[in-house]
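Please keep the sequence and the structure at hand while reading.

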Amino acid sequence: MKLAIVLSTQASQFDAVAFKGDLESNAAKIASWGYDGVELAIRDPQLVDADEMIRVVRSHNLEIPAIGTGQAWGEEGLSYTDPDPEIRAAAIQRTKSHIPFAARTGAVIIVGLLRGIVKPGVSQPQAMDWLVAALRECCAEARPRHVRIALEPINRYETTLVNNTEQGMDLLERIGADNMGLLLDTFHMNIEDAIIEDAIRTCGDRIFHFHVADSNRWYPGAGHLDFACILDALEGTGYQGHVSGEFMPLPDADTSAQKGIAHLRGLGRQDADSGC
């Protein structure tokens with residue numbers, strides 16, 4: 001099992017990112033604790049030095065499994081479903097701007113809240129049509145570079161656009177692109193999916209990336225989720241990517257990262273009598 005943790009390359013208002021800025025020192029710590037990769041949250045590729053980021057990460061023998069794009073929504077309000085067509089176009093273009101870096105590193109481009117919300121005056125079907133059109137355009141741009149895009153089902157308290165894995169799979173059918181998949185997140189699944197393990201099995205090889213946080217959005221082991229069974233189900237799909245920690249930096253960033261990896265590394269594979 002390859003483990004990663006989210007690291008923001010810039011300051012961010014998003015709470016569930018343990019490490020922000022200071023790439024060199026954070027990458028060194030993350031590697032020293034035994035992580036295999038860092039999922040980089042990048043708001044705007046034009047504002048970072050891609051060569052330097054790759055150099056730093058690789059100097060610590062870390063991989064970059066995914067690129068988080070949510071800060072474009074959180075900091076700038078960009079989304080595929082805004083009533084303003086210029087904002088929608090800017091969100092699509094921002095996604096496309098991540099493709100060169102993703103192609104260099106093999107990273108999956110994550111679409112979280114960059115999808116947006118259903119704003120006043122916009123119907124749910126209209127927002128979904130905009131979302132589908134945007135992702136089709138981004139996938140078409142990414143395909144020649146062999147870049148994959150993963151949409152994350154997010155719980156109902158944050159958006160009404162694709163909350164659970166069933167809705168995520170339906171969206172993939174509408175988009176019809178083989179480089180479009182899902183990012184599953186245990187925090188959101190605990191709210192929206194009746195049985196997390198069954199939802200994972202249903203998604204199968206359409207799982208392009210995987211986030212872990214416990215039921216309270218703290219590090220794995222701080223809540224009530226059974227990560228042994230969850231990861232057993234994930235392994236059963238043939239998933240070979242990273243399992244990436246996106247959780248609150250509580251009680252502090254370093255402690256959460258160390259306790260999270262200790263819990264996940266300490267899990268034994270469940271046998272037939274375990275209940276998984």
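Is cysteine 138 buried or exposed? Cysteine 138 is buried, at a relative accessible area of 1%, where buried means under 20% relative accessible area, exposed over 50% and partly exposed in between, with a 1.4 Å probe and protein chains only.

## Basis of the values

The model is a predicted one, in which local features need pLDDT of at least 70 and side-chain atom pairs count only at pLDDT 80 or more, while totals for chains, interfaces and linings use all residues. Residues are numbered from 1 along each chain as its sequence is written, and side-chain values use heavy atoms, with hydrogens and water left out.

## Cysteines

The structure holds one disulfide, a term that stands for a pair of cysteine sulfur atoms within 2.5 Å. Its members are cysteine 229 and cysteine 276, with sulfur atoms 1.8 Å apart, and the torsion about their S-S bond is about -80°, so the disulfide is left-handed. Cysteine 229 belongs to helix α10 (residues 227–236) and cysteine 276 to the segment after α11 (253–265), so the pair ties together parts that are 47 residues apart in sequence; helices (H or I, at least four residues) and strands (E, at least two) are DSSP runs, numbered from the N terminus. Cysteine 229 is buried, with a relative accessible area of 6%, whereas cysteine 276 is partly exposed, at 37%.

Cysteine 138 is in no disulfide, and the nearest cysteine sulfur, that of cysteine 139, is 7.1 Å away.

## Nonpolar cores

A nonpolar core is a set of buried Ala, Val, Leu, Ile, Met, Phe, Trp, Tyr and Cys residues joined through side-chain atoms within 4.5 Å. The largest has 74 residues, and those touching the most other members are Leu40, Tyr80, Leu135, Leu171, Met180, Ile200 and Phe210. Helix α6 (residues 124–142) gives the most to this core, with nine residues. Apart from this core lies another, of six residues, among them Ala66, Ile110, Leu183 and Phe208.

Strands pair if DSSP finds at least two bridges between them. Strand β1 (residues 2–8) runs parallel to β3 and is joined to it by five bridges, with alanine 4 opposite glycine 37. Two bridges join β3 to strand β4 (residues 66–68), also in parallel, and here alanine 41 stands opposite glycine 68.
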